[in-house]
Amino acid sequence: MKVAVIGGGPGGLVTLKTLLSRDIDAVLFEAEDAVGGTFRYRSYENAELVSSKQLTCFSDFRLPRDHQDHVSLQEYVAYLEDYCRHFDLYKHIKLSTRVISISPIESAEGHVVTTQSNIGYEITEHFDTIAICTGLHVTPSIPSIPGIEHVPQYFHSSHYKYRTQIANKNVLVLGCGETAMDVAYEAIKADCPQVVLAHRGGWLSFPKALSAFRVFGKAFKGRLPIDGLITNLFETAYVHSSIRTSHLRWFVSDFVIKRVLWFLTGTSVGCNQWVGELPPERLGRAYVFLNKSTKAMPYINRPWMTSRGWMSKITEYTDPPEDASSDKIIEVAPWPERINPDGTVTFTPSSRKEYSRIRNIAVKPDVVVFCTGYTQNLTWLHPSYPLPSRASCRNILHPSHPTLAYIGFVRPGVGAIPPIAEMQAMWWTSMLLGEARVPKEEEWGDYLLLVREEARVKYGVDHSAYMSTLAKDIGAAPGLWELWRAHGIHALLTYCFGAAFTTLYRLVGPWKDPDAAEIAKGELWETIKRRGVIGNMMWGVLPMMFYGILNGVALLVEMVIHVWRAVNGKIEG
């Protein structure tokens, strides 16, 4: 079997490594002159990953235990380069080689791949299977803004690299994702006299690490990455089918989290978020991607925060001193309706409270930064192939084309794409080798975030549910008794209390790794210890007890229904 892997970002690299580990002949094509993908070529000054190293690192190649939880993009690119060297991947990678067409072989099975080198030399090769790993962040999406030509300078965030590009200018940031928050914050730090952030429908703010709380005057300084707080047992593993398909556990956790946020910060629409809230029908874990870039929030909140009265004596959210002592503001606005010939902005009228403020402020930007995401552009793919939006089987492939896989084309609400890509690569490799069955159509989709029909992004997944589903498909999800027998109580507790770390799905089963147990008992166990006794009660024991009872009741009801049907069938017979 000969496989072509397209794209040299984390998804492509881990797919290449996974295929090679099963002695499958594979070659990776990367259009740029180095690996790293978006993390190398669309990075900017002071950018950090919002997912933790514990979750983001690949299962069998970890960053040092003493490294900080969240790494810079430059550090992550260096990690990917080390990954290539460690697993000797470079000899299977063709850099500066752009794929210009992929088409099916008409007279036989397989695919024809034509590539072009950076000097224009073309070569055509035949491959049995294709893994497309170009990812979600390639072609900038730039919406039309009437009158944009009246602004002296405008560009997409993919072209933003340094503070100096916007220093001392009036800046309008379009978008409310993590990049938009970063750029708005950088504009404040670059002494921009006016910074405005315009959005379409709001966001859900949550810090990438919990640390800025005071309860009865005592500061919480644990800096716990939030992507490691969702436990496995009964919320991801051993979930009854009726609970899973109803998404009940998502709605219950939303109910609890909103009330905890109100208690800690005084607002339930986000963590210390006082403006820019999502509409009620979209507010929650089941619907959206958390915005974990919160550096700009002190400046966004400043005009909107209200006194909490006596509650502030019990709980308090504390901003970093440098930001708390500043009087600068990031104004929030609805989406621009147009930019007038004199360069001023007219915003779309709205019932949102931010419109009542911004309509009385003259906004005349010197520069507009489009932080409006990316679009998928696979023009080099033959039209007979299904696009990622039609990869209905686990969001990896379409049943009609099992030899064409999309790796890394989902986005988790809370989590990271690289570990998902690794799990997808193991899943697809297992399918290619006939080690697992392709799931039936009625088994698809319980992990997908809920979206409206008109939504632009429909590839959102619940990280934990998706990882667990893929692992179950290929026999990599450990049974509790099996795990205890193989690795003891320490590894078992790590799996039960830990998040959906890829390493935990390599403790037993077809992708078992000899170093997985040591990683689980060491680095991953540490994420649980750092919660402390109270944290493990809140994020471990209590959720397990509640969801355990919920799943137990669902199982009992199912058993009663089966017995009743069996008895009723015999009576009728």
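Tutor: Start with a term: two strands pair if DSSP finds at least two bridges between them. Note also that the model is predicted.

Student: In which sense do strand E2 and E3 pair, and which residue in E3 does Leu28 stand opposite?

Tutor: Strand E2 covers residues 25-29 and has 2 bridges to E3. With at least two bridges needed for pairing, E2 and E3 qualify, in the parallel sense. Within E3, the residue opposite Leu28 is Ile93.

Student: Which are the edge strands of the open sheet?

Tutor: The open sheet has 5 strands with parallel pairing, in the order E3-E2-E1-E7-E22. An edge strand pairs on one side only. That applies to strand E3 (93-94) and strand E22 (404-406).

Student: Which helix packs on that sheet, and what angle does its direction make with that of E7?

Tutor: The helix is H11, which touches strand E1 (2-6), strand E7 (129-132) and E22. Angles over 145 degrees count as roughly antiparallel. The direction of H11 makes an angle with that of E7 of about 170°.

Student: How many residues of strand E17 are buried?

Tutor: Ile330, Val332 and Pro334 point one way from E17, while Glu331 and Ala333 point the other way. Residues on both sides are buried. For the strand, residues 330-334, the count is 5 of 5.

Student: Which residue stands opposite Pro334 in E17?

Tutor: E17 pairs with strand E11 (residues 195-199) in the parallel sense. Their pairing runs over 5 bridges. The residue opposite Pro334 is His199.

Student: How are H13 and H14 oriented to each other, and what is the handedness of their crossing?

Tutor: The axes of helix H13 (residues 480-497) and helix H14 (residues 516-529) come within 9 Å and cross at roughly 50°. H13 and H14 are therefore oblique to each other. Residues making the contact include His487, Ala491 and Phe497 of H13, and Ala517, Leu524 and Ile528 of H14. The crossing of H13 and H14 is left-handed.

Definitions and conventions. Residues numbered from 1 in each chain as written. Predicted model: local features only at pLDDT ≥ 70, side-chain atom pairs only at ≥ 80, totals over all residues. Heavy atoms only, no water. Helix = DSSP H or I, 4+ residues; strand = E, 2+ residues; numbered from the N terminus. Contact = heavy atoms within 4.5 Å. Axes fitted to C-alpha atoms, helices over the stretch in contact; angles between N-to-C directions. Parallel < 35°, antiparallel > 145°, perpendicular 65-115°, else oblique. Left-handed = near helix turned anticlockwise from the far one by under 90°. Buried < 20%, exposed > 50% of the residue type's maximum accessible area, 1.4 Å probe, protein only.
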